[in-house]
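The following note sets out numbered points for a reader who is new to structural models. Please keep the sequence and the structure in view while reading.

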Amino acid sequence: MGKKKKNQSSSSSSATDLLQTLGDFTSKENWDKFFTIRGTGDSFEWYAEWPQLRDPLISLIGAPTSSPPPQILVPGCGNSRLSEHLYDAGFHGITNVDFSKVVISDMLRRNVRDRPDMRWRVMDMTSMQFMDETFDVVLDKGGLDALMEPELGHKLGNQYLSEVKRLLKSGGKFVCLTLAESHVLGLLFPKFRFGWKMSVHAIPQKSSSESSLQTFMVVADKENSSVVLQVTSSFDHSSLDCNKNQAFGIHEALESENQTRREYSHGSDILYSLEDLQLGAKGDMKNLSPGCRFELILGGEGDFCFSYRAVLLDARENSGPFMYNCGVFIVPKTRAHEWLFSSEEGQWLVVESSKAARLIMVLLDTSHASASMDEIQKDLSPLVKQLAPGKDDQGAQIPFMMAGDGIKHRNVVHQATSSLTGPIIVEDVVYENVDPALSRIWPSEDLKFRRLVFQRTQGLVQSEALLMRDGSSHRTDVETERKKSSSSSKSKRKGTQRRSDDSGNQLKVYHGYLASSYHMGIISGFTLISSYLESVASVGKSVKAVVIGLGAGLLPMFLHECMPFVGIEAVELDLTMLNLAEDYFGFTQDKSLKVHITDGIKFVREMKSSSATDEMSVVHGNEITSNNTRSCNGNCTASNARVDILIIDVDSPDSSSGMTCPAADFVEGSFLLTVKDALSEQGLFIVNLVSRSQATKDMVISRMKMVFNHLFCLQLEEDVNLVLFGLSSESVTKDNSFPEAAVQLGKLVKFQHPEISQSIMDAAKKIRCLK
């Protein structure tokens, strides 16, 4: 409000002139001086006088003769006659508060005889000495506006409104007479968003008023409800009797707040702030609510170093006994994507093992990479204390627990930056625990894995390969001499930086094993067409597969080596990916494995409509030569030979879609129809879907059901990936035939170590039919 009050009318021009000398409307000394100069008996009305206020106020407060009579608090009363008018209308339970001793003394003398039941208190309205739930009505006439000096921010206004909420009884009303400026409504609306019903009314101006600003009455009813209600208004915006800026401002404020409230009411993926929770978004946080789970954001402003994405979970019924009333569980960024920590089912398992009645799971990301655990714990401590159940005086320590990142040793091999993918890391790691099947095959070795990490998505491990020394596997997949000869030129590529010595060259990527469980899950889906694959392989023909998304090239290389009857064409938009795959992951091309540097969606559409030819041809664009094979950089077209297997395994650069994988365009209805037309009669379409939103998953599943005759899914327990399989054929492998089909597929996949094939069998058992 501040200096803008000069636009309002007053009882005299001298009063208005005197008002301008106040300067700071939040200063007690300034107000004492103002009221001293004004003198006793000369009232001053900020705005909206009694004739305009009488009917709406009395209808809100109710009958003065009700039993018990309503208790009314008037904070920041000044020397307004509003309380006197209400008293004369029959409301005798009125308590007036102001921090100016001068004005309280004057008002007491003025009313002690005629209105003996009226109470007057010298008190700071931001810190009042009344018991909780004392009043039925808090009536504010310009008090909030006076506290909301734009230069001073929301601090005093926030403190005052917290007092209002504390002092009102259940079912009570906060009646705020205000000019409804944007910075005032920006605090007022959110403060009463949860557990309150709000309405806004326009107070008619008296005909003689010269002011261009209209007074509004904002009413907040205290309700015991967690439902977020819309803010209603009793006026037509076009009929407001005020200047255009004020009318536009309140219209914008109402629209914005109601849009936010709609999102809270209907959205299933709301990220609450700590302030939302303090305002009652999820009820009283001091009380445990068994089975309650929601996501929130902690920190990020003020004295806090970082922002944290967290999940709050109150243990389910009959989960005790508990060792802790409240605990914090920190998940390092390298494990935040795992099923145990990213899925609701997995998180409940963590709650059970933590022995905490309330668990706050904090998921770290790349923004915390430079901070130590001590720094993070120090930063988090004051935040989580505000979320602990029970009374503040319990003083119980909140334990911090942490999921190990599962890595014994990490070595950064290479760093690169792509204009399409962003920062990328190639690293070698040794895990504390590995797949038991690998331990049985190589029991004495400390197995090492090479990982391709996309830093733009919470340190997403895009690809992961097993590294073996010479002689440990059936062939050498990355030749040392080739790496040495190419390193001098390729290390100079723009945006790349080598971080280690050549020790990494002593190990070779083993393409006979897929370290990523979802990759093995993709292969297990081949059981759905295993009979068709066997019929093609048995007559020496080739199955045509297209993989959209090369990554480190591990899935295409596995297919190439372990299923030699499959001809693979990989499509990758980012040339940097091909360079990294060749330099660090042993990727090679030949006549049955080709890479096309182009847009995946465009490639599939051109593949569907291309002219009849058995070979891929380059229409135009630059060429890259690798081992006498060709990849095209630009526009590629394909033969009209239909595809037997089409795999979508690409990440999404746009998190607003709700999906980490794939990009939203790959699951649009029009593209899915194109895919169906591009598939052979027995064709299989596979999508690697990564999303934490069940609504997003349901949307993708619904779209695929509309396009494909049959739809299957595989949810791996240890992973957040949901693999979807769509088929156009009328006939399909029945659920009870999966074991037989898995055995049939196992015979087609040429593993050097048969123990590894068990992963396919195990995953195939978990495939379930959706349509």
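1. Residues are numbered from 1 along each chain as its sequence is written, and side-chain values use heavy atoms, with hydrogens and water left out.

2. The mean pLDDT of the protein is 81, and 80% of its residues reach 70 or more. Where pLDDT is low, the predicted coordinates should not be read in detail.

3. Which residues have the most contacts inside the largest nonpolar core? They are Phe526 and Leu533, in a core of 62 residues. A nonpolar core is a set of buried Ala, Val, Leu, Ile, Met, Phe, Trp, Tyr and Cys residues joined through side-chain atoms within 4.5 Å; buried means under 20% relative accessible area, exposed over 50%, and partly exposed in between, with a 1.4 Å probe and protein chains only. Helix H18 (residues 554-562) supplies the largest share of this core, 5 residues. Leaving aside residues up to four places away in sequence, Leu533 touches Phe526, Val543, Met563, Phe565, Ile645, Leu745 and Leu748. A second, separate core has 39 residues, including Val97 and Leu168.

4. Strand S26 (residues 643-648) has 6 of its 6 residues buried, so it is largely enclosed by the rest of the structure. Strand S21 (residues 543-548) runs parallel to S26 and is joined to it by 4 bridges; two strands pair if DSSP finds at least two bridges between them. Val546 has Leu646 in S26 as its bridge partner. Strand S27 (residues 679-689) also runs parallel to S26, with 5 bridges, and there Phe685 stands opposite Leu646.

5. An open sheet of 6 strands has mixed pairing and the order S9-S10-S11-S13-S12-S14. Strand S9 (271-273) and strand S14 (400-402) stand at the edges with a single partner strand each, so one side of each has no neighbour in the sheet. Within this sheet, 7 bridges join the parallel strands S12 (residues 324-331) and S13 (residues 356-363); Ile330 has Val362 in S13 as its bridge partner. Helix H12 (residues 344-354) packs on the sheet, and its direction makes about 130 degrees with that of S13. Such angles run from 0 to 180 degrees between N-to-C directions, with axes fitted as lines to C-alpha atoms, for helices over the stretch in contact.

6. The structure holds 12 aromatic pairs. Rings of Phe, Tyr and Trp (its six-membered ring) pair if their centres lie within 6.5 Å; planes under 30 degrees apart count as stacked, over 60 as edge-to-face and the rest as tilted. Phe306 and Tyr308 form an edge-to-face pair, 6.3 Å centre to centre with 70 degrees between the planes. Phe306 counts as buried at 17% relative accessibility, and Tyr308 is buried at 0%.

Note on methods: Helix = DSSP H or I, 4+ residues; strand = E, 2+ residues; numbered from the N terminus. Contact = heavy atoms within 4.5 Å. pLDDT = per-residue confidence, 0-100.
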